[in-house]
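Dear colleague,

Please find the structure below. My notes on its aromatic contacts and on one of its helices follow.

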Amino acid sequence: MRKLVVLATALVAALALTVPGAIGGPEQSTPGVTAKTVTIGGTFPLTGPAAAYAPIPLGMRAYFSYINARRGPDGKRGVNGRQIIWKYYDDGYNPANTVQLTRRLVEQDRVFATVGQLGTEHNLAVRSYLNQQRVPQALVSTGASYWGLQYKEFPWTTGWQPDYIAEGRIYGAHIKANQNGKKIAVLYQNDDYGKDYLFGVRSALGKQYADANIVAEVPFEVTATSLASQMTRIRASGATIFVLLATPTPTIRAYATGRALGFNPEQIYVNSVSATAAFLNIAVANAGAAYVNGSLSVAYLKDPANPQWNNDAAMKLYRQVMAKYAPSANANDGLYLYGVAKAETFVQALTAAGKNPTRASFQAALNRMNSVNRFALPGVRQKTGGKDRFIISQMQLIRYQHPDWRLQGRLIEGRPR
């Protein structure tokens with residue numbers, strides 16, 4: 001009897017090693033991955049104070065639908081023959097909701113990875129949990145510097161876009177070089193998002209210059225429904241340079257309020273997160289083209305609202321994807337392209353993770369990227385390795401001239417290697 005038990009145990013162990021999906025087999029060892037599918041997910045503000053970002057997961061969904069339908073280099077549909085299942089939930093831009101819904105994605109939906117989740121505070125709220133669970137927190141939709149700087153403590157978290165400190169430095173350097181000695185006012189969102197930008201601006205100016213020339217440094221809460229008191233302080237400061245570090249809705253409100261109060265700065269700098277033609281055109285409707293024209297920002301992706309890209313092969317593909325898989329969407333809204341571009345990076349990393357991807361092989365692929373994203377500006381390269389975990393760090397100045405943005409100068413390396 002004892003020999004029979006030993007033989008039976010050995011047989012079960014052998015079957016577990018050789019039968020796909022058996023005890024300890026590949027399908028169970030890598031949640032979210034089957035022979036035919038890869039399930040991923042994320043949370044986004046489809047409603048609430050940051051609902052303007054709702055196009056991002058829709059753009060991602062359109063691109064994943066395209067990937068699932070087309071045949072790849074291996075002749076199979078999807079990625080290595082697997083269809084991408086994309087699940088996303090509305091967190092209303094509330095970190096408490098993000099926590100609850102992320103747990104749902106991991107524990108109930110059993111996603112392979114979270115991808116593109118939006119919001120600095122929101123990603124911070126789930127970062128420890130996802131890293132403890134060894135679930136890739138991939139390509140987060142926030143440029144906070146944490147994602148690239150704290151990779152040793154949180155190795156399963158990865159950013160994507162240029163970080164806010166690097167972007168802020170570009171504005172600070174441009175001000176010092178082109179607006180030397182002029183008074184500066186800064187309106188910033190009172191959270192880690194806005195403070196990262198502000199730190200970048202001040203670091204490029206240098207402490208002595210910043211202390212002497214920043215005459216108003218005014219915070220606001222993202223839930224505020226009015227910026228009248230903040231903009232009144234800024235107008236009273238006598239500043240002629242205005243740096244606007246906010247998410248889209250308050251950015252539009254700041255333009256309109258500034259115009260109504262008679263605050264007429266010589267130059268406005270607006271952070272890239274809010275610098276799509278779609279948002280600035282709304283600002284024009286509220287404040288007038290003369291007020292908004294000339295605003296400066298940076299870009300790292302092609303702008304679907306700018307006709308200069310009409311004959312670009314990647315832009316043609318983008319429009320084909322949107323027309324087929326998101327026909328009711330405004331394809332000129334750069335946030336849809338942002339989602340499409342991010343989805344392409346995910347597909348590149350998943351492909352590099354191997355024919356039988358694991359969470360570890362996928363994370364390793366993100367940590368050794370060296371590729372071009374066809375939806376990014378020419379010359380921008382996705383590159384990571386060693387201590388560098390900032391996937392995109394190149395940007396180019398852009399100037400708004402209703403109804404679109406115009407590229408200025410050359411690519412700038414936000415984090416010189």
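Arg127 lies over the face of Phe154, 3.7 Å from the ring centre; a charge sits over a ring if NZ of Lys or CZ of Arg is within 6 Å of the ring centre and within 35 degrees of the ring normal. Arg415 is placed over the face of Phe390, at 4.1 Å from the ring centre.

This is a predicted model, in which local features need pLDDT of at least 70 and side-chain atom pairs count only at pLDDT 80 or more, while totals for chains, interfaces and linings use all residues. Residues are numbered from 1 along each chain as its sequence is written, and side-chain values use heavy atoms, with hydrogens and water left out.

The whole structure holds 19 aromatic pairs (rings of Phe, Tyr and Trp, the last by its six-membered ring, with centres within 6.5 Å; planes under 30 degrees apart are stacked, over 60 edge-to-face, the rest tilted). Tyr164 and Tyr197 form a stacked pair, 4.5 Å centre to centre with 25° between the planes. Tyr164 belongs to helix 7 (residues 164-178) and Tyr197 to helix 8 (residues 192-205), so the pair ties together parts 33 residues apart in sequence. Helices are DSSP runs of H or I, at least four residues, numbered from the N terminus. Both Tyr164 and Tyr197 are buried, meaning under 20% relative accessible area with a 1.4 Å probe, protein chains only.

In helix 15 (residues 334-352), 16 of the 19 residues are buried, so this helix is largely enclosed by the rest of the structure. Gly354, which follows helix 15, has a positive phi near 105°.

With kind regards

Definitions and conventions: Helix = DSSP H or I, 4+ residues; strand = E, 2+ residues; numbered from the N terminus. Buried < 20%, exposed > 50% of the residue type's maximum accessible area, 1.4 Å probe, protein only. Expected span 1.5 Å × (residues − 1).
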